[in-house]
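Please keep the structure open beside the text as you go through them.

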Amino acid sequence: MRKQLFDDKAIGYDSWYQTAAGRFVDRVEKEAVLAYLEPEPGMSVLDIGCGTGNYSLELARRGLRVTGLDISPGMLAKARARAEAEGLPVEFILGDAGRLPFEDNSFDGVICVCALEFLPDPDTALREAYRVLKPGGRLVVGVIGRDSSWGRFYAAKACRDPGSVFSRARFYTLDELWRVMPGNTVRVRAVLFTPPDFDYRQEQAALELEAAAVKAGRTDGGFICAVSVK
């Protein structure tokens, strides 16, 4: 069922990133994820729930050795096509986050962005992600923030459309994500404080709102990000 849901979304999935809102949201979320990952050329990174390759391709462009894993053949087909078009050597694998087909201590970094919310057994998936991480490596997880305008937006979307992928999602607060992360060295942060109905064509205004919210230490961001160092 999950495969079919995401296969059905694959065709138009990337069109979101062509909108003003999509570009801004992607920028803010990527800055948070990459700041925690601290990517360097040559690092090996596993992208769990890679979808159409948004993060996999970004990391490959930076010279990292990337493996993307997803349960959706449709999403992976788009990811492979995008990587081929750019000449990026990303390995994309069809697989389940709860049963990763890798040995212990295989990767310098593992990321899971906007995928944990949709997994039937997130605790098992996080343990698996931590298992394949090398000692000293970083596990970075990003999810939709429940106590945010974005969380409420997607919850309302799920109510209107029971067939939506969001009807099967579990959103997290900052504290909840911190508690489920494996390992003893965990940090969390919230970003994306501009609401879904903001006029994102006003990019400078959005950046100023974002900066003010971060400076104020707000935790009700639309995107919650965590890192655990093994």
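1. Arg 146 counts as partly exposed, its relative accessibility being 36%, where partly exposed is the class between buried (under 20% relative accessible area) and exposed (over 50%), judged with a 1.4 Å probe and protein chains only. Arg 146 forms a salt bridge with Asp 147, with 3.8 Å between the closest N and O atoms, and a salt bridge here is a side-chain nitrogen of Lys or Arg within 4 Å of a carboxyl oxygen of Asp or Glu. Asp 147 is likewise partly exposed, at a relative accessible area of 45%.

2. Please note that this is a predicted model, in which local features need pLDDT of at least 70 and side-chain atom pairs count only at pLDDT 80 or more, while totals for chains, interfaces and linings use all residues. Residues are numbered from 1 along each chain as its sequence is written, and side-chain values use heavy atoms, with hydrogens and water left out.

3. A second pair to look at is Asp 175 and Arg 179, whose side chains meet in a salt bridge at 2.7 Å, N to O. Both belong to helix H7 (residues 174-180), and because they are four residues apart in this helix, about one helical turn separates them; helices are DSSP runs of H or I with at least four residues, and strands are runs of E with at least two, numbered from the N terminus. Asp 175 is partly exposed at 40% relative accessible area, whereas Arg 179 is exposed at 60%.

4. Asp 199 and Arg 201 form another salt bridge, with the closest N and O atoms 2.9 Å apart. Here Asp 199 counts as partly exposed, with 31% relative accessibility, while Arg 201 counts as exposed, with 67%.

5. Salt bridges also link Glu 58, Arg 61, Arg 62 and Glu 86 in a network, and the structure holds 16 salt bridges. Side chains of opposite charge can pair when their charged atoms come close.

6. For the chain as a whole, I would record eight helices and seven strands, and a share of buried residues that makes up 50% of the 230 residues. The radius of gyration, taken over C-alpha atoms, is compared with a globule rule of 2.2 Å times the number of residues to the power 0.38; the chain has 17 Å, which agrees with the value near 17 Å for a compact globule of 230 residues. Along the principal axes, the C-alpha atoms fill a box of roughly 45 × 40 × 30 Å.
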